[in-house]
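Let's walk through this structure together, one neighbourhood at a time.

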Amino acid sequence: MHIAAVAAFLLSAAAALAAGIAGPGYRAGWWGFRQGFDILRWAAYLGAAGAAASILAAIFTRPGSGRRGFAAALAGIALGATAFGVPYGWSRIAGQVPRIHDITTDTDDPPAFVAILPLRKDAPNPAEYGGPEIAAKQRAAYPDIRPFKTGISTSRAYEAALVTAERMKWEVVEENPAEGRIEAVATTRWFGFKDDVVIRISPTAEGGCVLDIRSVSRVGISDVGANARRIRAFLGRFAKTAGSGG
């Protein structure tokens with residue numbers, strides 16, 4: 001096998017390995033989340049270099065050239081492109097969303113955390129809402145995230161909200177039907193970030209109720225849109241669950 005194809009493949013493989021362990025390493029406590037992101041960034045650089053080198057190696061070892069290594073070069077292209085593409089995709093999303101990490105359906109009166117506060121005592125991000133500046137950024141970026149009004153009873157809405165939270169694999173920390181409040185922790189898959197969620201269900205004068213939900217990251221200035229995606233997913237599932245009676 002030609003050395004150029006082997007070298008290019010190994011470069012791409014190293015990049016893919018680095019990208020792959022960035023998240024699990026943070027979860028294991030080997031490094032902080034900022035170091036994890038640094039690893040991802042350098043993995044992207046290596047991935048781009050590995051993919052480029054593998055393309056050249058593929059041309060050099062193409063079928064009919066008499067040189068071995070074409071399959072390794074193709075594998076290097078795939079690995080390098082993946083190592084570059086995932087961090088690059090995150091970077092593009094981060095550039096398109098505001099640098100905030102606290103999203104709520106009610107920016108005037110956000111649901112407040114109670115039971116989860118002790119879990120956030122060492123978190124860099126505060127549990128208190130950031131006020132009008134954060135609200136303005138959210139409304140500009142996510143105008144669709146608003147209070148969810150429904151004609152069903154508060155008790156039925158509460159049960160549907162609890163079922164939805166459990167189906168989304170959140171760790172429910174507190175159930176308080178009397179206050180219409182549910183608090184839970186959502187853990188991201190790759191890095192294992194802990195984001196806290198509070199749901200509030202209130203009766204309306206019309207006889208139905210309104211559901212508000214807030215999702216807040218414990219670390220990071222920007223959530224790369226994760227909290228907004230989580231709220232949208234919850235509201236979509238909640239609507240189906242509430243409409244079907246569970």
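Asp212 counts as buried, at 3% relative accessibility; buried means under 20% relative accessible area, exposed over 50%, and partly exposed in between, with a 1.4 Å probe and protein chains only. The side chain of Asp212 meets that of Arg200 in a salt bridge, at 3.3 Å from N to O. A salt bridge here is a side-chain nitrogen of Lys or Arg within 4 Å of a carboxyl oxygen of Asp or Glu. Because Asp212 lies in strand S6 and Arg200 in strand S5, the pair ties together parts that are 12 residues apart in sequence. Helices (H or I, at least four residues) and strands (E, at least two) are DSSP runs, numbered from the N terminus.

Before going on, please note that this is a predicted model, in which local features need pLDDT of at least 70, side-chain atom pairs count only at pLDDT 80 or more, and totals for chains, interfaces and linings use all residues. Residues are numbered from 1 along each chain as its sequence is written, and side-chain values use heavy atoms, leaving out hydrogens and water.

Arg200 has another partner: Asp106, with the closest N and O atoms 3.2 Å apart. This pair links distant parts of the chain, 94 residues apart, as Asp106 sits in the loop between strand S1 (102–104) and H4. Arg200 counts as buried at 18% relative accessibility, and Asp106 does at 16%. Together with Asp109 and Asp212, these two are linked in a network of salt bridges.

For another setting, turn to helix H4, where Glu133 and Lys137 lie four residues apart, about one turn of the helix. They form a salt bridge with the closest N and O atoms 3.6 Å apart. Glu133 is exposed, with a relative accessible area of 54%, while Lys137 is partly exposed at 36%. The structure holds 13 salt bridges.

Now for the nonpolar side chains. In soluble globular proteins, these tend to be buried together. The largest nonpolar core has 32 residues, of which Trp170, Ile199, Leu211, Ile213 and Phe234 touch the most other members. Such a core is a set of buried Ala, Val, Leu, Ile, Met, Phe, Trp, Tyr and Cys residues joined through side-chain atoms within 4.5 Å. Elements giving two or more residues to this core include strand S5 (194–203), strand S6 (209–217) and helix H6 (226–244). Apart from it lies another core, of nine residues, among them Ala18, Ala22, Ala43 and Phe191.
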